Amino acid sequence: MIIDPGMDAIDGVTELIMEHRLKPVAVMLTHGHLDHMFSVTPLCRSYESVCWVHRADRALLSDPYRAMSAETRAMFVQLAGGRQFTEPDEVRELMDGAQVPVAGLDFRILHAPGHTPGSVMFETGYEPEPGELRAGVDIDAVLFSGDVLFAGSIGRTDLPGGSHPDMLRSLRTKVLPLPDSVAVLPGHGPQTTMARERVSNPYLQERNLGEGDLAAPS
C-alpha cells in the first residue's frame with residue numbers, strides 16, 4: 001500500500017516497487033491537499049490500485065485548488081503546468097471508526113477534521129522485535145497522522161476548509177485518547193510517539209485544548 005503520494009513521488013515509489021517486486025493494491029490518503037495526493041491518480045492507474053479517501057475530501061481529488069490560498073494556488077498552477085486533475089478509476093470512501101484491511105494489515109480509521117474537513121489518521125498494530133523500545137515505551141501500534149499531529153506541533157488550520165475549533169476537538173477526542181505505546185509517523189517531519197507528544201507538545205496540553213482561541217501554527 002502507498003500512503004500520501006505527493007509531488008515528485010512517482011519515481012521514488014516506482015523504484016521501491018521494482019526493487020522489492022511489490023504489487024500495490026491501494027493508495028490511502030490522509031487528506032486531499034496536493035502535497036499528499038498529487039500523484040495518486042497516475043499511481044493508482046499504473047498499478048490498478050484502489051484509492052481510499054474520506055468523503056469530505058473526495059472533491060479535492062478533481063479540484064485540489066479549492067483548498068488553497070490564492071497565493072499558493074497560483075504557485076501550484078504554475079508547477080502543475082496546466083495539468084487537469086481527475087479521480088482514480090476506483091475510489092472508496094473512508095469512515096470514522098471503520099476497520100479497513102489492506103495488504104495484510106488492518107487499519108482503524110480516525111476521522112480528525114481541522115486541517116481539512118476530511119483529514120483522517122490510520123492506526124495499525126505493530127509487533128516489535130524482542131526488547132525493542134521507543135523512548136522507553138514498548139510500541140504496539142503505529143499511527144499515520146497525516147497533517148493532524150506533528151512532532152511538537154499540529155497542522156495549520158487557516159487554509160480554506162480548515163477549522164481551528166474542529167482541530168481542537170480532534171486533538172481532544174481522537175489524539176489524546178491514544179495510548180503512549182503508539183508510534184506516530186506524521187505527514188511532515190520526524191517520527192515520534194504518543195508518550196513524547198503527550199508531555200512535550202504544547203498543543204496537547206490541557207490549558208490549550210479549551211473551546212477558546214488558540215493561536216494556530218504557521
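Over residues 212-218 the pLDDT stays under 50, and for this stretch the model, which is a predicted one, has 13 contacts beyond four places in sequence. Where pLDDT is low, the predicted coordinates should not be read in detail. For the protein as a whole, the mean pLDDT is 90, and 90% of the residues reach 70 or more.

When its neighbours within four places in sequence are left aside, leucine 34 is in contact with Gly6, Met7, Pro64, Tyr65, Met68, Phe76 and Phe85. Two of these contact partners of leucine 34, Tyr65 and Phe85, belong to a cluster in which ring pairs link Phe38, Tyr65 and Phe85.

A pair of aromatic rings is described by the distance of the centres and the angle of the planes. In this model the count comes to 4 aromatic pairs. One of them is formed by phenylalanine 38 and phenylalanine 85, edge-to-face, at 5.6 Å centre to centre and with 75 degrees between the planes. This pair links distant parts of the chain, since phenylalanine 38 is in the loop between α2 (34-37) and α3 (40-47), whereas phenylalanine 85 is in the loop between α4 (70-80) and β4 (91-94), 47 residues apart. Both phenylalanine 38 and phenylalanine 85 are buried.

Why is the pair of phenylalanine 107 and phenylalanine 122 edge-to-face? The ring centres of phenylalanine 107 and phenylalanine 122 are 6.3 Å apart, and the pair counts as edge-to-face because the planes stand at 75 degrees, where over 60 is required. Here too distant parts of the chain are linked, with phenylalanine 107 in strand β6 (residues 105-111) and phenylalanine 122 in strand β7 (residues 120-125), 15 residues apart. Phenylalanine 107 and phenylalanine 122 are buried as well.

Serine 49 is found in the loop between α3 and β3, and it counts as buried because its relative accessibility is 5%, which falls under the 20% cut-off. The side chain of serine 49 reaches the backbone oxygen of proline 24 at 2.8 Å. Beyond its neighbours within four places in sequence, serine 49 is in contact with Pro24, Val25, Ala26, Val27, Cys44 and Glu90.

How many disulfides does the model have? The count comes to 0. Cysteine 44 is in no disulfide, and the nearest cysteine sulfur, that of cysteine 51, is 5.1 Å away, whereas a disulfide would need the sulfur atoms within 2.5 Å. Cysteine 51, in turn, is in no disulfide either, its nearest cysteine sulfur being that of cysteine 44. Cysteine 44 is buried, with a relative accessible area of 2%, and cysteine 51 is buried with a relative accessible area of 0%.

Terms used:
Residues are numbered from 1 along each chain as its sequence is written. This is a predicted model: local features need pLDDT of at least 70, side-chain atom pairs count only at pLDDT 80 or more; totals for chains, interfaces and linings use all residues. Side-chain values use heavy atoms; hydrogens and water are left out. Rings of Phe, Tyr and Trp (its six-membered ring) pair if their centres lie within 6.5 Å; planes under 30 degrees apart count as stacked, over 60 as edge-to-face and the rest as tilted. Helices (H or I, at least four residues) and strands (E, at least two) are DSSP runs, numbered from the N terminus. Buried means under 20% relative accessible area, exposed over 50%, partly exposed in between (1.4 Å probe, protein chains only). Contact means heavy atoms within 4.5 Å. pLDDT is the predictor's confidence in each residue, from 0 to 100. A polar contact is a pair of N or O atoms within 3.5 Å; within protein, one must be able to donate a hydrogen and the other to accept it, and residues adjacent in sequence count only if both atoms are side-chain atoms.
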